Amino acid sequence: YSGSFYLRQVLASVDFDYGNDVVDFLHGWLNYQVEHHLWPSLSMLSYQKAGPLVKAACEKHGVPYVKENVFWRVHKTTEIMVGTKSMRWFPEEFEAEFLRIDEEDDKAKAAEFAAAKAAKA
């Protein structure tokens with residue numbers, strides 16, 4: 001996957017409170033939405049380990065990482081559903097840099113493929 005894929009997963013997801021077995025059990029381990037969207041096949045205990053690491057990586061690179069109380073998220077979702085609020089706008093400026101990097105990588109891979117193909121001919 002490209003850098004923009006992972007960025008979209010973080011920006012489009014939100015974590016609920018987490019950090020210990022009791023809280024995670026009460027949430028049914030559904031509180032690790034960011035980590036789940038990054039790595040859907042991780043085990044529940046791996047999400048526990050990944051959460052703080054993902055948050056730290058986001059802070060290091062200036063990527064918004066949202067972690068809120070589940071009841072606050074229900075309130076915000078209800079506001080969107082009844083039309084008193086709108087969803088936050090996707091911050092395209094964060095993705096633009098990753099898309100530029102992806103494009104450069106694609107061009108480099110295409111050039112390597114063409115060179116390898118020419119060498120065989």
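# Reading salt bridges, helices and a core

Reader: What separates Glu103 and Lys107 in helix H6?

Author: Because they stand four residues apart in helix H6, Glu103 and Lys107 are separated by about one helical turn. A helix here is a DSSP run of H or I with at least four residues, a strand is a run of E with at least two, and both are numbered from the N terminus. Before going on, note that this is a predicted model, in which local features need pLDDT of at least 70 and side-chain atom pairs count only at pLDDT 80 or more, while totals for chains, interfaces and linings use all residues. Residues are numbered from 1 along each chain as its sequence is written, and side-chain values use heavy atoms, with hydrogens and water left out.

Reader: How should I read a salt bridge, and how many does a search of the whole structure find?

Author: The general idea is that side chains of opposite charge can pair when their charged atoms come close. The term is used for a side-chain nitrogen of Lys or Arg within 4 Å of a carboxyl oxygen of Asp or Glu, and the search of the whole structure finds four. One of them joins Glu103 to Lys107, with the closest N and O atoms 3.4 Å apart. Another joins Arg100 to Glu104, where the closest N and O atoms are 2.3 Å apart, and these two residues are likewise four residues apart in helix H6 (residues 92–120), so about one helical turn separates them.

Reader: Which of these side chains are exposed, and which are partly exposed?

Author: These words rest on relative accessible area, computed with a 1.4 Å probe on protein chains only: buried means under 20%, exposed means over 50%, and partly exposed lies in between. By that scale Arg100, at 38%, is partly exposed, and Glu104, at 44%, is partly exposed as well. Glu103 is partly exposed at 46%, whereas Lys107, with 55%, counts as exposed. Elsewhere in the chain, salt bridges that share partners link Glu68, Arg73 and Lys76 into one network. Within it, Arg73 and Glu68 bring their closest N and O atoms to 2.8 Å; Arg73 is partly exposed at 22%, but Glu68 is buried at 19%.

Reader: How do I check the length of helix H5, and what caps its N-terminal end?

Author: The expected span of a helix is 1.5 Å times one less than its number of residues. Helix H5 (residues 70–82) has 13 residues, and the 18 Å from its first C-alpha to its last is close to the expected 18 Å. The N-terminal end of H5 is capped by Asn69, which places a side-chain oxygen 2.7 Å from the backbone nitrogen of Phe71. After H5 comes Gly83, with a positive phi near 90°.

Reader: Where does Trp29 lie, and what is its phi?

Author: Trp29 sits in the loop between helix H2 (21–26) and H3, and its phi is near 60°, a positive value in a residue other than glycine. Gly28 lies in the loop between H2 and H3 too, and its relative accessible area of 40% makes it partly exposed.

Reader: Which residues touch the most other members of the largest nonpolar core?

Author: A nonpolar core is a set of buried Ala, Val, Leu, Ile, Met, Phe, Trp, Tyr and Cys residues joined through side-chain atoms within 4.5 Å. The largest one here has 14 residues, of which Val10, Val34, Val54, Cys58, Val63 and Tyr65 touch the most other members. Helix H1 (3–11), helix H3 (33–38) and helix H4 (44–61) each supply at least two residues of this core. If we set aside residues up to four places away in sequence, Val54 touches Val34, Glu35, Leu38, Trp39 and Tyr65, where contact means heavy atoms within 4.5 Å.

Reader: Where is Pro64, and which residues is it in contact with?

Author: Pro64 belongs to the loop between H4 and strand E2 (67–68), and at 30% relative accessibility it counts as partly exposed. Apart from its neighbours within four places in sequence, Pro64 is in contact with Val10, Leu11 and Phe94.

Definitions and conventions. Polar contact = N/O pair within 3.5 Å; in protein donor to acceptor, adjacent residues only side chain to side chain.
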